[in-house]
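Subject: Structure handover

Hi,

Here is the structure I promised you. Please load it before reading on.

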Amino acid sequence: MAKLSYADAAKLVGGESPVLEALNKATGGLLLTATAGGSELAVSLFDAKGELARLSTDLVTGLADRLRGLRRYERTDRLAAAQRVLVLTAYFDAVRQTELPFDSAQLRLSRPVEMTVATGNAWKGGRLGTLAGILLDTDIPSHSPRDRQDTMARSLDLYYRSLGDDLIAYLAEQPMWAAAPEAARKRFAQVLREEVPHAALRRYNELFTRLATEFPEVAYWAARLDHEATRSEVRELGMGLADLGRMLEGIATGRAPDERRQALTRRYRRQLERPIVATGDVPEGLVIPSLEAGYVNPRYRVAPVIRADRLDEEPWWHDHEVRDDLQDYLIGHLTSLHAVEGPLIVLGQPGSGKSLLTKILSARLPATDFMAVRVVLREAPADTDLQSQIEHAIRDATGEQLSWPSLVRAAGDALPVIIFDGFDELLQATNIGQSDYLEQVVRFQEREADQGRPVAVIVTSRTAVADRARIPPGGAVAVRLEPFDEQQVSCWLEVWNAANAAFYDRRGLSPLPTAAVLRQPDLASQPLLLLMLALYDAGDDVLRMEGSELGSAELYERILVRFAEREIGKSAPGLRGDALRSAVEQELLRLSVAAFAMFNRGRQWATEEELSRDLTALLGIPPAAPATSFAVPSTQGQTVVGRFFFVHQAQAIRAGSTLTTSEFLHATFGEFLVARLIARELAALSAVNEVTAARGRASADDAFLRSLLSFAPLTSRGQVMDFLAALTHHDDGLRRLLLRFFTACLEPGREQASGGYEPAPLSGPARYAAYSANLLLLVTLATPSVTGGELFPAERHPVTAWRRCAMLWRSQFTGEQWRELVTRVRVERIWHEDDRDVVVGLGAWDPPALDIYWTHHMEPGHPARGWPGLRIMNTRDLRRESYFVCDSGQDVVWHAIEPFQTAPTTGESKVPPWEGVTQFGAVDGGHAMSPIHAMMRLWLVSGQAVTSEQLLEAYETCLFAINARRSGETDLLSEYLAAVLRQLAADRDRLPAVRRARLHDLISPELRSHPAVDHWTREAFGT
C-alpha cells in the first residue's frame, strides 16, 4: 500500500482549502514549503487551545464535497489519506493536554533553526529530525480489510509510543529541558509514553467512527460495522452477495457507464437469472434455482501470505479464524488501495463455489464505479500474456474486438476489476510452468498504475495446487472458501424446496429435510455435491426413506448407479433389467479405471490422454470414440467422464488446441470407485478359484489385480481402505487365495503389469513393493490378523522374511506413503515354537515397550537371558550402519543419544564412558536394560515432582543395571556410577537417610572405593 506522511496526506485531503494554509503556518511551513522552523511546530503541539488538532479535524470536515465527482480510485486514495490525517489529529489532541516540565512560552524563545524538508523518511538523524519526523514519517498505521480491529489498535499503540520517544528526544535537546526539575521531566516522559497513547487511541476511535459514518466503505476497511450508519446495511446470512451490490451502489459516485461497460455488465448480470449449475441430469419438472436465488454466501478464512507459506496444507489454515462476512470483506478490499497493489487469491476445493463467486461478483459490482472483466482461464489461450487473455475474455463477453488500453480509458470513473477464474485449470490442463503467474499479475498492476490506470485483480484456484504459484515478493492476501455448515445447508435447502414445491406436490413427495442431508456431511459440505444429493433424492425420497442406517459405501453405490442409469437412458432409453444393469456396470467400470488413473499417478486429476491410454491398456477400449451424426470423434477419456457432472473437467487452450484434465468433485468419489473395482475383482477371482479348484485346475489369475495394485499403496488414500472394508465380503477361500498371491508375488520372473498399463514410470522393485503391500492389506481385511508364518510359509525364520519385505516397502515408498502404511498396519511381536514371529492386522496402534531378548533371538528359557553385561553389537558399528543408510528416523534417535557417545572421559580412565549404549543387563523381573536407558529415565524422574518412593525406584533400577554388567569392566562401570552419584548428591534432601542407606548397600565395595567414585560417594551419602 502506498505510504503517505501526515504532510502528504494533508495536502491530498486539503487541496486548495484555506485550512491547509492555516495548518502550514501552525507547523512552521513544514507542509507546503521546502524549509521549516522548529519552534513554531513545537509551540503548536503544546498549545492548550489545540489549534493543530482543530485544524486537522477541519481538514477532514466537508470532505464529501471535495470527493464529489472523483473516480473510484481517487475517492479511495483521498479517504486513505484522510484516515492517516486522523491518526495524527488524535495524537495532537492528546499531546496538547500534557503539562510540559517548563513554560511552553520558552519554546518560542528558543533559537530558531531552519531545515530543508526531505522526502520519505530521509529526515532521520537531523538536528530537528525527531520533531519533523512526526509530520514526515510515512509509517503511519492504516487499516487493511484483511486485519481485524485489534490489530490496528496494537499498531496504533506502538506508533503513538514511538512518537512520544521522538518528541522527548527533541525536547531533551532544548536548553530549558536541562533546567527543569528532574521529577517533572520524569513525570512528563511517563505521561507521553503511557497515558498519551491511550488517550490518542480513544480519540482516534471517535474520529474514525465519524469518518466511517460519512463514508461507509471506510468502516469495511476496518471490519467495524458497530455504528448505526452501517449496521442497518448489514443483515444476517445472505444469498447471492446481494448486500455487496446494494452497499456498493449506495456509495457509488461515478457517472453512467458507456456502451462498452454496459455490454459487459449486461452479459454478467444475465448470469444471475440462469440456473446455478448447467446439467442435463435433471428429472422432468425439477427446477435448478438461479444463481441469484441459490448462491449461499460462503464462510471463509483470510490471511496475508508470503512465499514460504503452505497454502495447500490444511494445518496452515488452522490459525486463521473462520468468518462469515465475505460480503463485507470484499467491499472493504475492493474499496481499498490494497486492491490495486496485488492480487486477491481465492482458494477452495472442487465444487466449493469459486467460479460461482466470480460470476456473482462480476454481476454485482455497480458499473458506475467498477468495470468487471471475468477471464475464464479454461477458455482463454494459455500460451499468451495476461493482456491477451483479458482481451479474449472481453471479446467472448461482448462480441467486440477491443484492446485493453482503449477499454480502460473509456471506463472513465470506474475501477477495473479483473477476475482470473481457474488458475488451477491452467496448471493442470497444460502441465506447463506457471509458477510466476501471480508475479505477472503484480507486474501488470504496476504497469497499469504507472499509466494512470490502476486495476484490481482476483485469481481463483483449487487449494491443492496453491503451492505451484509463487507468492510475489511483496506478499499477497489469500481467501479460502470453507465447507458449508449446518446453517448454510439449511439455507440452501430452503431455496431448493421452495423452487421445487410444485414438483414435490405432483409426485406426492415431502420437501427434503436438513436432517436427512446432514447424515452425509462429506457431501453436504460442498455446494455442488449438495446439489448432487438433492438430485439423487428427487426421484423418490430415497435419502429420507433410507434413513441414518445407510452407510457411506452403500450411498455412494446408489448415487453412482442412479446417475449412470440416467446417462444410459439418454442414449439407450429402451434398456431394462439385466441389459440395463450390465450397461451400468460397464459405465462404472470405466469410471473406476478413471479413478485408478488418478490414484496410481498420485494425483487428484488425470489428463484426457492418460484416461484414454489407461482404458485401452486395461479394458482394450480403442483410444477414440466413434463419431456421431452431430459430433466429431472424441477420445474415450472424454466419453467416460464428460457426461457426469460430479466429474470436474479442467480446460485450457494452447496453440489453438483444447487440453483437458478431469477430477472428481470430491476425492471420496474416486476413492470409492477404486475400492469398488478392487472388491468386484476379488469377488470374481474368488468365484473363479472355487470353480477351478473343484475341477482340479490351476488357480485364478491375478494379472488384472496386479496391474491395478502395482503402483501405489492403498493406504495412501485412507478412505479407500474404509470403503474396501465395507464392500469386501471375505471367506476362507479368498483368504487362502490372497495368501497364495502374496507368497508368489515376489518370486523371480513375475510379470508386474499387463497390457502396457503404466500410469507411472516406476522401477521393478517399486512395483513389487506396491503390489505386495496391497496384497497384505487385502489379506488383513479378510481376517482379523495374519502371522508371518502364514505370509512366508517357505521361510525358516518368518521375522527375517518380514523384515526384508518391510525394508523393501520402506525403501520404495515415499515418506508419506510409508507413514500411512505403518499407521494403519498393526504389528505384534510374538514367540511361536521357540522362534520369533509377528502377527499383522489393521487398526490404530502404538508399539509397546521393546523386548531386547525378542530382538536378539533369546526365547523364554534361553540360557543367555539374565546374563550380566550382555553385549549385542559394537556401538560404533551400529552408528556407522545407521549413518550409511541416511535414514531420518534413525538419525533422530541417534541425535537424542549422541551426548552419551561424545561425553568426555573423567579421571585417568581410557575407556569411553558411554560405550555401553548397546550393552544390556538383566534387572528386576528379568527385563533387559542398558545403563544408559536407566540413567535417562532417572534424569527425567529427578526433574519432576515425584514422590520419594518413585525417585528411590529410579535410583534402584539404575544401580541394578550397573551391577548387572560384567565385573571386569570396573573402569567403565565407575563412570556410570559416578554419574548416578552426582545426581544423587543433588537429590539428597529429597530422599530420607534410611532410603539412601538402601542405595548405599546396592553398590559393591570395589566400586565405592574406585578413585572416580569415592568423592561422589561421600557427597551422596555423607560418608
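Below are my notes on a sheet, a hairpin and a helix pair. Bear in mind that this is a predicted model.

First, the open sheet. It has 6 strands, in the order β3-β8-β4-β7-β6-β5. The pairing is mixed. β3 (300-305) and β5 (370-376) are the edge strands. Each has a single partner strand, so one side of each has no neighbour in the sheet. From one strand to the next, the twist averages 20 degrees.

Next, the hairpin. β15 (residues 825-832) and β16 (residues 835-842) run antiparallel, with 8 bridges between them. Trp831 stands opposite Arg836 in β16. The turn has 2 residues between the strands. Look at Glu833 there: its phi is positive, at about 50 degrees.

Last, the helix pair. α31 (residues 577-599) packs against α32 (residues 608-619) at an angle of about 120 degrees. Their axes are 9 Å apart. The crossing is right-handed. From α31, the contact uses Leu589, Arg590, Val593, Ala594 and Ala597. α32 answers with Leu611, Asp614, Leu615, Leu618 and Leu619. By class, the contact residues of α31 and α32 are 8 nonpolar, no polar and 2 charged.

Best wishes

How values were computed
Residues numbered from 1 in each chain as written. Predicted model: local features only at pLDDT ≥ 70, side-chain atom pairs only at ≥ 80, totals over all residues. Heavy atoms only, no water. Axes fitted to C-alpha atoms, helices over the stretch in contact; angles between N-to-C directions. Helix = DSSP H or I, 4+ residues; strand = E, 2+ residues; numbered from the N terminus. Left-handed = near helix turned anticlockwise from the far one by under 90°. Contact = heavy atoms within 4.5 Å. Nonpolar A, V, L, I, M, F, W, Y, C, P; charged D, E, K, R; others polar. Pairing = 2+ DSSP bridges.
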